Amino acid sequence: LRLCSTRGALDGVNKPVIDRVIRVDHAGEFGANRIYAGQMAVLGRSTAGPIIQQMWNQEKDHLKKFNELMVAYRVRPTVLLPFWNVAGFVLGAGTALLGKKGAMACTVAVEESISDHYNSQIRTLMQEDPEKYKELLQVIKQFRDDEREHHDIGLEHDAEAAPAYSILKTAIQLGCKAAIFLSERI
Amino acid sequence: VVRCQLSPPQRALQASAVLRRVSDEQKKEPSASSSQQQFDSHPTDQQPEQEPQGPIPSYTGQGGQESEDYESEEQLQHRILTAALEFVPEHGWTAEAIAEGAKTLGLSVAAAGMFHSDGSELILHFVSQCNTKLSELLEQEQKRVQLGEAEKKPTDQFLRDAVEARLRMLIPYIEKWPQALSILLLPHNIPSSLNLLTSMIDDIWHYAGDQSTDFNWYTRRAVLTGIYNTTELVMMQDSSPDFEETWRFLENRVADAMNMDNTANQV
């Protein structure tokens, strides 16, 4: 049981649950930003440049929203942020070096992980109290739809034709699961 | 019910959290507890919610905070500890002080048996109470700034004032505070005392207007914790009038921190 002096005007909010939700989502959007940054660094001037830039811009908006929510709910960010900073960029740049299809495969893998993750959060919050968390639920639902759209764009751009697609996808999704697990807790 | 798993120190802390709810009933208390109110702030109604998990059920399953005469064990412990604070300057943070506190409430001295013999709960209760008072002060100040009745302070000034306000709460107990510090460092108290410390520091930064969502969140809190702890230790050794030396030390440390921040930004 956490003892706190005061947690602002957050009456009745299930702090531990909301803490985790916002912390991990913030970390996720932060990581996604870095992944797209890495991809742009390699493929920025290729034909895939505009579409990657567009998806990146949406992730920037997502991150901005979670920055606001983090301050509003007084949630601490994950201590692993500097690590995700580097790891995300390396993942994005690394897969982009496999070519346009590699970058798209990475996008598909990550966006699929993220939408599944958002879905389970939506389930959790619905079980908790759909009314109390209405605004948060709306945000997460919207973002989940955006991420699914990115996922579909990735597929449209020949992600599945990438070298070692299934291995790449499995490995990346395993990494995402680990990142989610850790960011929720530390 | 989560409460059943709490160890006695944490239960006493829960009791502090319940203070505001029963503040109406407490106001009918004998003067023993009101002599503790050497500070201006009283538990107020508009205090933001302290517990994240809603009303705590009493052992009998009743709300415990209504106008019934029955109170939960938590509330009773809380009242005893608050009453005991008056006797700390004389007896230290001990079972004797708790026993004396229980006596003033008309209870048997055996009531002190509810608590650990090393006075841990009493100290944690006191710290929690001080933190709550600090939050109230900062909240009131924030309201005044929002209403335009006061100027918004620059960050270094704000931090200095907040730390000074919090440390001044130790002055009535300063003789016995070193003893309290060492008890707070005992392994079985570390989780609770660390918790109280970190949430107090987080509170100060929150009201100072910190909105960082990156690693700065950690750096700032770590730096302020260092400033607070070192200033507290300096205060223990300070014999200057009204602790001038301590506040000067505090001012220098906060200035150092600001300088470090600026240098880091320039680099």
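**Questions on the predicted model**

User: Is A:Asp158 buried, partly exposed or exposed?
Analyst: This is a predicted model. The relative accessibility of A:Asp158 is 41%. Buried requires under 20% and exposed over 50%, so A:Asp158 counts as partly exposed.

User: Where is A:Asp158 found, and what is its phi?
Analyst: A:Asp158 sits in the loop between α5 (134-156) and α6 of chain A. The residue is not a glycine, yet its phi is positive, near 65°.

User: Which loop holds A:Ala164, and what is the phi of A:Ala164?
Analyst: The loop between α5 and α6 of chain A holds A:Ala164. At 49% relative accessibility A:Ala164 counts as partly exposed. Although not a glycine, A:Ala164 has a positive phi of about 55°.

User: How many helices and strands does chain B have?
Analyst: From the N terminus on, the elements of chain B run α-α-α-α-α-α-α-α-α-α-α-α. That comes to twelve helices and zero strands.

User: What share of the residues of chain B is buried?
Analyst: Chain B exposes about 12,700 Å², with 53% of that area from carbon and sulfur atoms. Among its contacts with a separation of 6 or more, 74% join residues 24 or more positions apart. Of the 267 residues of chain B, the buried share is 51%.

User: What covers the buried residues of α8(B)?
Analyst: Helix α8 (residues 155-168) of chain B has 14 residues and reaches 20 Å, close to the 20 Å expected. Its buried residues are B:Phe158, B:Leu159, B:Arg160, B:Ala162, B:Val163, B:Arg166 and B:Leu167. In an α-helix, residues three or four places apart point the same way, because there are 3.6 residues a turn. The cover includes α7 (120-146), α10 (190-208), α11 (216-237) and α12 (244-266) of chain B.

User: How far apart are the end C-alpha atoms of the UniProt feature "domain: COQ9 C-terminal" in chain B?
Analyst: The unreviewed UniProt entry places this feature at residues 190-260 of chain B. Over residues 190-260 the chain is 82% helix and 0% strand. The end C-alpha atoms are 30 Å apart.

Notes. Residues are numbered from 1 along each chain as its sequence is written. Chains are lettered from A and ligands numbered from 1 in the order in which they are written. This is a predicted model: local features need pLDDT of at least 70, side-chain atom pairs count only at pLDDT 80 or more; totals for chains, interfaces and linings use all residues. Side-chain values use heavy atoms; hydrogens and water are left out. Helices (H or I, at least four residues) and strands (E, at least two) are DSSP runs, numbered from the N terminus. The expected span of a helix is 1.5 Å times one less than its number of residues. Buried means under 20% relative accessible area, exposed over 50%, partly exposed in between (1.4 Å probe, protein chains only). Contact means heavy atoms within 4.5 Å. Accessible areas come from the Shrake-Rupley method with a 1.4 Å probe; for residues, only the protein chains shown count as cover. UniProt positions are given in the numbering used here, feature names are shortened, and annotations may be inferred rather than shown by experiment.
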